[in-house]
Amino acid sequence: MAQRILLIEDERNLVRTLRAYLEQAGFQVLAAYDGRTGYAMARQEKPDVIILDLMLPEMDGLDVCRALRRDPDPTVADVPIIMLTARVEETDRVLGLELGADDYVTKPFSPRELVARVRALLRRLQPVGSGRARASARLRAGDLVLDPTRREVTLKGQPVDLTGTEYEILYLLMRHPGRPFSRSEILDQVQGVVLEGYERSVDVHIKNIRRKLGDNPRNPRYIQTVYGVGYKFVGDVSREA
Ligand code: CA
């Protein structure tokens with residue numbers, strides 16, 4: 001069955017162009033031209049990916065993203081979101097990531113690039129059994145347990161609600177405890193695409209992970225900043241079958 005993309009974008013010409021490219025790439029495309037309708041469609045249609053413009057009538061992209069991430073239905077709350085932004089201010093993009101967007105693309109962009117980003121996002125969020133085999137050993141560092149089979153992270157037995165991207169970053173670092181990763185390495189491993197100027201987004205994801213794990217960057221139990229390099233996992237990690 002074709003994967004479904006919901007486009008929430010008020011520029012109809014852009015929707016037309018993107019729809020053509022996405023359909024050409026084998027996706028089924030739904031479209032909404034304002035935030036409120038888009039939000040309702042996201043909840044009803046449960047698309048595989050949402051491409052969400054930041055500046056929208058009725059309800060802006062940040063509000064839509066925030067509302068979706070808080071949805072009680074986990075299939076709605078966990079939907080992968082790519083934000084489109086025309087704004088050049090980094091704060092807006094960073095805010096989108098803080099609200100739980102998985103990725104963002106700055107306008108103007110090539111439709112081909114967006115299609116590549118959608119594919120990369122779906123590839124890395126692919127559940128077990130539907131594609132690449134994943135190592136199944138659970139990784140444990142003290143009270144923190146990451147279960148790759150269930151894509152689940154728990155802290156003291158309580159589930160930690162990470163976005164897909166946050167999960168992938170934590171999984172990468174935990175698989176290689178003690179090894180420092182640069183921001184571009186993290187992006188490359190996690191997103192499959194490295195674009196200039198996106199390194200800052202890694203910092204935002206790391207900040208979110210630390211907050212959710214209650215990890216203090218000044219005295220980290222899990223993720224340590226390696227100055228001039230990037231990040232590494234500092235806890236001892238054991239593997240459990
Ligand atoms: Ca717009």
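Is aspartate 53 buried or exposed? At 3% relative accessibility, aspartate 53 counts as buried, where buried means under 20% relative accessible area, exposed over 50% and partly exposed in between (1.4 Å probe, protein chains only). The model is predicted, so local features need pLDDT of at least 70 and side-chain atom pairs count only at pLDDT 80 or more, while totals for chains, interfaces and linings use all residues. Residues are numbered from 1 along each chain as its sequence is written, and side-chain values use heavy atoms, with hydrogens and water left out.

**Calcium site**
- The calcium ion has as protein donors Asp10 (OD), Asp53 (OD) and Met55 (O), which lie 2.1 to 2.3 Å from it; donors are N, O and S atoms within 2.8 Å of the metal (3.2 Å for Na, K and Ca), and since water is not among the atoms, sites may look incomplete.
- Aspartate 10, in the loop between strand E1 (4-8) and helix H1 (12-24), and aspartate 53, in strand E3 (residues 49-53), are 43 residues apart and link distant parts of the chain; helices (H or I, at least four residues) and strands (E, at least two) are DSSP runs numbered from the N terminus.
- Aspartate 10 counts as partly exposed, at 32% relative accessibility.

**Three-stranded sheet**
- Three strands form an open sheet in the order E10-E12-E11 with antiparallel pairing, where two strands pair if DSSP finds at least two bridges between them.
- Strand E10 (181-182) and strand E11 (223-226) stand at the edges with a single partner strand each, so one side of each is left without a neighbour in the sheet.
- E10 is joined by two bridges to strand E12 (residues 230-233), and phenylalanine 181 has tyrosine 231 in E12 as its bridge partner.
- Helix H7 (residues 164-175) lies across E10, E11 and E12 and runs at about 65° to E12; axes are lines fitted to C-alpha atoms, for helices over the stretch in contact (heavy atoms within 4.5 Å), and angles run from 0 to 180 degrees between N-to-C directions.
- Helix H9 (residues 199-213) packs on the sheet, touching E11 and E12, and its direction makes about 150° with that of E11.

**Strands E1 and E2**
- E1 and E2 run parallel and are joined by five bridges, with arginine 4 standing opposite glutamine 28 in E2.
- Strand E2 (residues 28-32) is mostly covered, four of its five residues being buried.
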